[in-house]
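Me: I'm new to this one. Could you take a close look at a single part for me, how the pieces of the two chains sit against each other, and walk me through it?

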Amino acid sequence: MKAAKKENSLFKKIDRHFEEAKYKASERKFEKHRTKAEKVIYPIIFVVFLIFALTFIIPFAWVLMNSFKSAKDYSNNFNGLPREWTFDNFIKAFTFKDQSTHNFTILQMLGMSIIVAGGGTIATIFFSSCAAYVVAKYRFPGRSVIFGVVIFSLIVPIVGALPSQIQLMKTLHLDGKIIGCIFIYSGGFGMNFMLLYSFYKNLSWTYVEAAKIDGAGDFKIFFRIIMPLAKGPIIAVTIMQLIGLWNDYLTPSMFLEEKPTLAFGLKALSDKMLNTGNYTLLFATIIVTMLPIIILFCCFSKTIMENTSVGGLKG
Amino acid sequence: MQLLKRQRINPIYGKKKIKKSSIFVLLMLLYPVLQFLIMWLFVNINSILLSFKTMVRGELQFVKIDNLFANFANFFDSLKQDKVKEMLLASSAYLVVSCFVTLPISLIFSYFIFKKIAGAGFFKAIFYLPSILPLVVLTLVYKLTLSKDGLLGPLFNSLGVSGLFVGDSAKWMVWLFCIWAGIGYDVILLTSGMSRIPKEILESCKMDGIPPIKEFIKIVIPLTWPTITTLFIFGMMSVFNVYLQPFFLTSGQYQTMTIGLKIYQESGGAALNSPATLGLVCSLIGAPIICSVRYGLNKMYGDVSF
């Protein structure tokens with residue numbers, strides 16, 4: 001009897017599975033079904049997209065290809081494949097020094113980028129998370145004032161705060177220091193605050209209530225329960241923030257001129273290489289500079305693209 | 001902090017607990033609030049104060065009371081200069097570039113990516129790449145591709161075109177770059193906005209045999225309106241924000257100087273009153289306009305809530 005019942009339920013499961021597959025297939029078929037107009041427009045748009053995509057792919061492929069050429073090979077044949085593939089440009093790119101970057105090599109600039117962008121990212125994400133959690137989940141006097149001011153600072157466009165910022169950094173003796181840069185980046189009330197605030201606002205309070213009954217304090221709850229629960233959104237905003245700070249040119253160029261990061265140093269290096277006509281070295285330098293971001297993008301492309309979605313925020 | 005209470009009231013909470021929570025809230029907010037007060041409030045107040053200062057023997061000092069608005073008067077006087085007029089015109093051009101060229105193109109691109117055209121995922125990733133690469137790299141590759149020693153050099157040489165980044169063509173090249181590099185970011189935001197449109201609405205459109213253009217105009221645009229509004233506002237802000245593109249591509253020469261680049265370049269000097277005044281005037285003019293446009297755009301399709 002039991003065996004027959006088991007068999008029956010197995011058949012039911014298989015049936016359900018087939019039904020679901022059938023439904024999904026019909027849904028896909030419906031989605032893929034194109035009207036006459038669509039059948040005409042789609043191939044045209046596909047060609048437009050392809051051409052547009054090629055405008056990105058071909059220049060970078062050309063830079064990559066030429067980075068494997070010797071200077072002589074490039075001057076004789078700058079659009080063809082390398083006659084002799086060489087890694088010399090990459091070796092030189094890692095050791096190239098110039099006064100315009102205060103004799104910082106690419107590797108040293110990479111180190112600076114890791115410290116400045118990494119430090120800034122950790123600081124801003126941590127403080128944004130602290131502020132967003134408290135404002136979202138606790139009631140205290142001034143809470144609505146804080147929230148209102150943050151919204152105001154995000155909505156109202158303010159132009160030209162840079163001169164004042166420079167004066168302030170000089171007054172605080174933070175000009176030219178790594179910690180100064182990290183201090184500028186470490187704000188807890190930017191866009192990250194808004195994204196984390198909306199996450200914390202919708203977070204269930206059940207775990208916290210259970211932890212409180214067990215006698216856990218506020219700090220323990222935040223670090224042991226809330227932070228692990230917010231791991232997903234925190235990772236997403238961390239990656240986005242890291243890319244933003246890694247590519248930042250303004251802050252290092254104004255406040256860290258003597259210790260250039262990659263984004264800032266590359267401009268000085270490229271000017272020097274273009275002036276001396278050292279194109280192949282420049283190509284290799286560009287590739288080396290791009291590499292960390294490309295690797296990050298390949299690893300987290302889905303996270304990055306899914307989280308570039310501030311567009312839904314209504315003012 | 002005396003009135004501090006849990007959002008979800010917990011019966012086991014006594015006065016001691018509430019005091020502990022006050023300390024927790026205080027400590028959690030201490031650094032973010034301090035940083036905000038210094039880097040936003042103080043910086044902006046100081047920015048206003050700077051516009052009432054002038055250089056006296058190499059030092060910034062407050063202007064005399066009888067000449068309180070000297071910096072503003074100097075700025076409005078400078079508007080008669082051709083270079084300043086060019087700068088304002090070049091900056092205003094980014095409104096057209098961002099809001100009326102890049103945004104409509106991005107909307108069309110996004111619609112077809114959203115409709116899952118063949119290779120949509122691949123195109124989305126490729127279009128997005130410029131948004132994550134350092135701007136220095138992008139401008140370098142763009143410039144190298146279009147220079148006479150670059151990828152398209154032989155083509156331009158055969159056409160008799162030389163030096164696209166000098167002379168009259170320079171500003172067109174900067175605008176073209178902004179469109180080329182800007183589409184990807186807009187596409188990502190718009191497709192993410194479109195993905196929130198309920199599937200049922202689109203399915204019923206399809207069953208009713210509504211053509212793609214009608215669906216795009218009557219359904220997709222209204223239902224993606226909050227994202228479009230945000231991008232339009234970003235585009236308006238580019239009038240004041242664009243500075244690195246002309247800086248990297250033309251160093252602000254050949255009528256490509258913008259308000260943002262002027263502030264950036266002058267901030268490197270000692271006379272910080274001049275860029276601060278320019279910034280303040282732009283904020284005073286730009287902020288109400290941008291906020292009004294945002295209000296108006298939000299009103300257009302106010303009931304979109306997903």
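Reply: In chain B, the C-alpha centres of domain 1 and domain 2 lie 46 Å apart. Domain 1 covers 1–31 and domain 2 covers 91–300, with bounds taken from an automatic or database domain assignment. Before going on: this is a predicted model, where local features need pLDDT of at least 70 and side-chain atom pairs count only at pLDDT 80 or more, while totals for chains, interfaces and linings use all residues. Residues are numbered from 1 along each chain as its sequence is written, and chains are lettered from A and ligands numbered from 1 in the order in which they are written.

Chain A is split into domain 1 (1–28) and domain 2 (95–312), and 50 Å separate their C-alpha centres.

Now for where the chains meet. 83 residues of chain B are in contact with 76 residues of chain A; contact means that the C-beta atoms, placed from the backbone, lie within 7 Å. On the chain B side, H1(B) gives the most, with 18 residues. Helices here are DSSP runs (H or I, at least four residues; strands are E, at least two), numbered from the N terminus. By class, that side of chain B has 58 nonpolar, 18 polar and seven charged residues. Ala, Val, Leu, Ile, Met, Phe, Trp, Tyr, Cys and Pro count as nonpolar, Asp, Glu, Lys and Arg as charged, and the others, Gly among them, as polar.

The crossing is right-handed, meaning that the near helix is turned clockwise from the far one by less than a right angle, with anticlockwise giving left-handed. H7(A) brings Leu162(A), Pro163(A) and Ile166(A), and H12(B) brings Ile263(B), Tyr264(B) and Ser267(B). That makes five nonpolar, one polar and no charged.

Key
Contact = placed C-beta atoms within 7 Å.
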